[in-house]
Amino acid sequence: MATQNNVVQYGKAIQAQLQSIVSPIPVYAAFNRNFATEPKFIVWMLRNVHQPVFAGNLQGNKGIDTPTFQISIFTQKIEDGFTISNQILQSLHGYSGLFGGATHGFNISKADVFWLYNSYDNTEKMAQIFLDCTLYIPA
Amino acid sequence: MALINKVMPGYSATLWCQDEASPTPLTDAQLSTWTAQVANIIGTSAGGTGTGTTGYQIPVENIPPFGADDAFAAYAVAGARTGAKITTQNQVTSMTITAAWNPADPALLLIRGDGYSGTIIRTYVVAVYDGTNTVAYAFNARVGGMQWDMNTSAEGKFTFTLHPVGGNSYGWTTNT
């Protein structure tokens, strides 16, 4: 028996967890309107929320959720981006326990971080690093 | 606290063992006793009360299936359309475990020593932990079948098999 997890909680927990890792660097969901004036910031996007559904018409007959959120790190200096990425990797990769802090948190069995690539956007004059983080959430 | 009522990811399981070089394995009754027995072997990271001096976590890559082996007596009934089976209690399942080989890891060295001795019986515990509560499966076993695989295409692997001993030597416990 597994109920459908609430994605609002996911969002709040991701925001809170990232904020606690990289503080005082600002963390935004999906988009940062002030990108031109901030030398470094982080944006996250949640995707692939899916609990497998098993046989039968029992709606609660579901498995665990393994959602992924992408972390995009924007910095004016390339080294700052690597430093922030390292902070996130050290803190999050392989982590199990309370995710999202006391207010919004829930327990995860494992966080799995995958560094995708780093890049540079010449029009925005910002270096970028993209990480994927998959959560394994008992449900 | 209520018992875990969730579907658990495989990631939530951990393997623990007594840490003494010459351990006194838990008795059959103690294998089903959480407080001061099974809980002492499981570390706090999996909801137990153990410390580095009461139990080690074994750094396994994966917890293999555990439980009891299948067994039944099959017989045919004259005149009946089908035969029949009587389920019997078979032995506790052996667990073949793969760990990334770290020659300095104290738990792996302990297991290497057990395998070399061949006679040491140690209590092992599989703990499933959701962050709040723990369900534990404890059993007594000897170590056999140790192999080190240093294939160049991957990290070094240390594989060993835990062979349970005794007729009833396993127990289920929870922290609630």
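This is a predicted model: local features need pLDDT of at least 70, side-chain atom pairs count only at pLDDT 80 or more; totals for chains, interfaces and linings use all residues.
## Overall architecture of chain A

Chain A contains three helices and seven strands. Along the sequence these elements follow the pattern α-β-β-β-α-β-α-β-β-β. The C-alpha trace of chain A extends over about 55 × 30 × 25 Å along its principal axes.

Of the 139 residues in chain A, 25% count as buried. Among contacts in chain A with a separation of 6 or more, 59% are between residues 24 or more positions apart.

## The sheet and the helices packed on it

Five strands of chain A form an open sheet with mixed pairing, in the order 1-2-3-7-6. At its edges are strand 1 (27-29) and strand 6 (110-121) of chain A, each of which pairs on one side only. Neighbouring strands of the sheet are turned against each other by 20° on average, with direction ignored. In general, the strands of a sheet pair through backbone hydrogen bonds, either parallel or antiparallel. Strand 6 and strand 7 (residues 126-136) of chain A pair in the antiparallel sense, over 11 bridges. Within this pair, A:Tyr120 has A:Ala127 of strand 7 as its bridge partner.

Helix 1 (residues 7-22) of chain A packs on the sheet and touches strand 1, strand 2 (40-47) and strand 3 (68-75) of chain A. The direction of helix 1 makes about 150° with that of strand 2 of chain A. Helix 2 (residues 78-92) of chain A also packs on the sheet, where it touches strand 2, strand 3, strand 6 and strand 7 of chain A. The direction of helix 2 makes about 150° with that of strand 3 of chain A.

Helix 2 of chain A has 15 residues, and at 1.5 Å a residue it should span 21 Å; its end C-alpha atoms are 21 Å apart, which agrees. The buried residues in this helix are A:Gly81, A:Ile84, A:Ser85 and A:Ile88. Seen down the axis of helix 2 of chain A, the buried residues fall within an arc of 100°, so they line one face of the helix. Their cover includes helix 1, strand 2, strand 3, strand 6 and strand 7 of chain A.

The face of helix 2 of chain A turned away from the buried side carries the exposed residues A:Glu79, A:Asn86 and A:Gln90. Just after this helix, A:Gly94 takes a positive phi of about 85°.

## The contact between the chains

Chain A supplies 12 residues to the contact and chain B supplies nine. On the side of chain B that touches chain A, four residues are nonpolar, three are polar and two are charged.

## Backbone details

Most residues other than glycine have a negative phi, and most peptide bonds are trans. A cis peptide bond joins A:Ser23 and A:Pro24, with an omega of about 10°. A:Pro24 lies in the loop between helix 1 and strand 1 of chain A.

A:Asn48 is not a glycine, yet it has a positive phi of about 55°. This residue, A:Asn48, lies in the loop between strand 2 and strand 3 of chain A. A:Asn48 counts as exposed because it has 12 C-beta neighbours inside 10 Å. In helix 2 (residues 34-41) of chain B, B:Ala36 likewise has a positive phi, near 65°. B:Ala36 is exposed, with 9 other C-beta atoms within 10 Å.

Methods
Residues are numbered from 1 along each chain as its sequence is written. Chains are lettered from A and ligands numbered from 1 in the order in which they are written. Two strands pair if DSSP finds at least two bridges between them. Helices (H or I, at least four residues) and strands (E, at least two) are DSSP runs, numbered from the N terminus. Axes are lines fitted to C-alpha atoms, for helices over the stretch in contact, and angles run from 0 to 180 degrees between N-to-C directions. Two residues are in contact if their C-beta atoms, placed from the backbone, lie within 7 Å. Ala, Val, Leu, Ile, Met, Phe, Trp, Tyr, Cys and Pro count as nonpolar, Asp, Glu, Lys and Arg as charged, and the others, Gly among them, as polar. The expected span of a helix is 1.5 Å times one less than its number of residues. A residue is buried if 20 or more other C-beta atoms lie within 10 Å of its own, exposed if 12 or fewer, and partly exposed in between; C-beta atoms are placed from the backbone. The arc is that of the directions from the helix axis to the C-beta atoms.
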